[in-house]
Amino acid sequence: MRPADIIAKKRNGESLTREEISFIVRSYTRGGVEDYQMAALMMAIYFRGMDAEETLALTDEMMHSGAVLDFSEFGRVAIDKHSTGGVGDKTSLVIAPAVAATGVLVPMISGRALAHSGGTLDKLESIPGFRTNLSLDEFRSNIKNVGAALIGQTREVAPADRKLYALRDVTATVECRPLITASVMSKKMAEGVNGVVLDVKFGSGAFMKTQADAVALAELMIDVARKMKRACIALITDMNQPLGRAIGNSVEVIEALETLKGRGPADLKLLCRELAAEMILMSGLVKDIGQARDMYDRSISSGAALDKMREIIRAQEGNEQVIDDYRLLPSAARRHEITAPEGGCLRKIETESVGRACMILGAGRTRVDGPIDLSVGLEMNARIGDRIEKGASLVTVLYNDDDRLQAARRLIERAFTIGPEPVEPPPLISRVLR
Ligand code: URA
C-alpha cells in the first residue's frame with residue numbers, strides 16, 4: 001500500500017477500508033509515514049469526513065497503537081471523564097482527585113493545549129516538579145496506591161494520538177468530528193476504564209460551534225464506546241463564555257485548588273459536581289444521581305478531595321506545598337486591565353478569540369514542540385448577562401511581554417459585545433445523553 005493512494009482515495013471522497021486505516025496508523029506511529037503525508041490525510045478527512053465504520057476502525061487502530069491497560073486486578077471500577085476542549089476548562093484538576101477520594105479509580109490520559117483551548121497537562125506542569133510523563137509502571141503503581149494519576153499520551157500508551165494530536169494542532173485539522181472522536185476515545189479506551197463521562201462543548205469557544213454539532217459528536221463518541229463495550233454518557237455544555245474566571249496555566253491551577261477547597265466560581269463548581277456525580281453513578285457505588293452528588297459534596301466538604309490532590313501531586317513528584325502557598329506557582333510580571341468602552345449589558349463573548357489571545361500571550365504553542373509560558377493568563381471580570389459600567393474592567397491580562405500584550409489586547413477588545421438590551425445568560429448544561 002502507498003500512503004499517497006490512501007490520501008487520494010479520501011481526497012476523492014471514498015471510504016477507507018479497515019486495512020488501509022490500519023496500515024496508515026501503524027506506519028505513522030512507527031515513523032514510516034511522514035508528517036506531511038499524514039497532515040494531507042487529516043485535511044482530506046476534515047473535508048470528506050468518515051462514516052461510523054471508518055471512525056470505529058480509526059479509534060480501534062489508534063487505541064491499539066500502544067499498550068492497552070487493564071486495572072481489573074485492583075478490584076475497583078475505573079472511570080474517566082474527558083472534555084472535547086474549551087477555554088478555562090480546568091474541571092479535570094478538580095474531578096480526578098474528588099472522584100478518586102470516593103474510591104473510584106481515575107486513570108486519566110489528558111492532552112496539551114490544542115488550537116485555542118488549554119490543556120490539562122500544561123496546567124499541571126505549572127506545579128514545580130510535576131511529572132506528566134510517568135512510565136507505564138509508574139502510572140499503574142500510582143493508580144494502585146493513590147487511585148488517580150494524570151498523564152499524557154506516551155510512547156507506550158496511545159502513541160498514535162500523541163503524534164496526531166500535535167500534528168492536527170498545527171495544521172488546522174482539529175475541528176472534525178471523526179478525528180476528535182478517534183483522538184478522545186482511543187486514549188480513553190487504552191486507559192482500560194470501565195466507562196467514560198464526556199463533556200461535549202458547543203459555542204464560540206468550543207470546536208463545535210452549534211449545539212446540534214455537539215450532539216452529533218457526542219452521539220458518535222457514545223456509539224464508538226458502546227461498540228467497544230464500555231459505558232459512556234455525555235453532557236452537552238455551553239462554551240459561549242470561558243468556564244470560571246481564570247484562563248492560562250498556573251492561574252487555572254489556582255482556581256481548581258480553590259474549587260477543591262469549596263470555593264471557586266459558581267459555574268465551575270456546578271460543572272465539576274455534575275460530571276463527577278455522573279462518574280460516581282457510573283461506577284455503581286451509588287444507586288441514583290442524588291446519592292452521587294451527595295458523595296461528591298462530602299468529598300469536597302470533608303477535605304478528602306484536597307487531600308487526594310496533595311497525594312496525586314506528591315506521587316507525581318510535584319511540590320505539594322503549592323496547595324497552601326500559591327506564590328510557589330509561576331506568576332506573570334505585569335497586569336493590564338481591559339475596560340468596557342461603553343456601559344450596558346454584556347451580550348456576547350467571542351470565546352475562541354479570548355482563548356487565542358491567551359495563546360498569544362504565551363500560554364499555548366505555535367509549533368509542535370514549542371515552549372509555553374506557564375505564568376501568563378487572563379482573569380475574566382464579567383459574564384454574559386452582567387450589567388457593566390463604562391470603564392469597568394472586563395479582563396485582567398497577566399503578561400510578561402509588551403508586544404504580546406498589544407496583540408492579545410486587540411483580540412480581546414473585539415471579543416466583547418455590550419448593548420443596551422438585557423440578555424439571559426445561557427444555561428451551562430443543556431442536555432445529558434445516556
Ligand atoms: N480532545 C482530544 O483529546 N482530542 C481532540 O481532538 C479534541 C479534544
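Select Tyr 46 to begin: this residue is partly exposed, with a relative accessible area of 32% (buried means under 20%, exposed over 50% and partly exposed in between, with a 1.4 Å probe and protein chains only). The model is predicted, so local features need pLDDT of at least 70 and side-chain atom pairs count only at pLDDT 80 or more, while totals for chains, interfaces and linings use all residues. Residues are numbered from 1 along each chain as its sequence is written, and side-chain values use heavy atoms, leaving out hydrogens and water.

A search of the whole structure finds three aromatic pairs, where rings of Phe, Tyr and Trp (its six-membered ring) pair if their centres lie within 6.5 Å, and planes under 30 degrees apart count as stacked, over 60 as edge-to-face and the rest as tilted. Tyr 46 and Phe 47 form an edge-to-face pair, 5.2 Å centre to centre with 85 degrees between the planes.

Now select Phe 71 and Phe 139, whose ring centres are 6.3 Å apart with planes at 70 degrees, so this pair is edge-to-face. Both Phe 71 and Phe 139 are buried.

Finally, go to Tyr 28 and Lys 163: the charged end of Lys 163 sits over the ring of Tyr 28, 4.3 Å from its centre (the criterion is NZ of Lys or CZ of Arg within 6 Å of the ring centre and within 35 degrees of the ring normal).
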